Amino acid sequence: MPIQIRRATEADIPELSRLVAALAAWEQSLDPRVQFDWDGIRDAPNWLRLVLNRAHHAVWVAASDERLVGHLWIRLKHQADGAMPQSIGYISQAFMDEAFRGRGLMKPMLEAAYEWFRDAGITVVTLSVLHRNWVGATAWHRLGFSDWREERRMDLKPRPK
């Protein structure tokens, strides 16, 4: 079955919602600190409709017949803290169903995204990957992303009573 890479449409929202939930479940399985508001995840059809209609967001999908097997959600990000360049590209989400990983499907979605970024005058693209997501981290390195900044986390304990 051939896989088609294309921009997402509103007709894709049910399948995109499934992929968003699959990404959330995947990340929760990797690290017990990862938590999602599952009511918010279930509300994905509503907020995805907004995302698909925002000029500073774009979503590509890998489609097999009536089913989506992966997605790439990107956006423009303005850096208001004086960092240069002032606007960068940001990969908000990317996910591929397990059976379709390792087939090179993310690469054509990224190429389309890079053209979209170039059209917007973007010269830098960043992303964040969960520390324990070795599959994702390895894939991003293979796709040309290099280590640049590390994010740290600390959970605050409640105030003593």
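In this predicted model, Trp-60 stands opposite Leu-72 in β3. Strand β2 (residues 57–64) and strand β3 (residues 67–78) pair in the antiparallel sense, over eight bridges; strands count as paired if DSSP finds at least two bridges between them. Strands are DSSP runs of E with at least two residues, helices are runs of H or I with at least four, and both are numbered from the N terminus. Residues are numbered from 1 along each chain as its sequence is written. Local features need pLDDT of at least 70 and side-chain atom pairs pLDDT 80 or more, while totals for chains, interfaces and linings use all residues, and side-chain values use heavy atoms, without hydrogens and water.

The open sheet consists of five strands in the order β1-β2-β3-β4-β5, with mixed pairing. Its edge strands, β1 (4–7) and β5 (125–127), each pair on one side only. From one strand to the next, the twist averages 25°.

Helix α1 (residues 13–30) packs with helix α3 (residues 44–52) at an angle of about 110°, the axes being 9 Å apart. Axes are lines fitted to C-alpha atoms, for helices over the stretch in contact, and angles run from 0 to 180 degrees between N-to-C directions. The angle therefore makes α1 roughly perpendicular to α3, a term for angles of 65 to 115 degrees. In this pair, Ile-13, Leu-16, Ser-17 and Val-20 of α1 meet Ala-44, Pro-45, Trp-47, Leu-48, Arg-49 and Leu-52 of α3, where contact means heavy atoms within 4.5 Å.

Notes. Angles under 35 degrees count as roughly parallel, over 145 as roughly antiparallel, 65 to 115 as roughly perpendicular and the rest as oblique.
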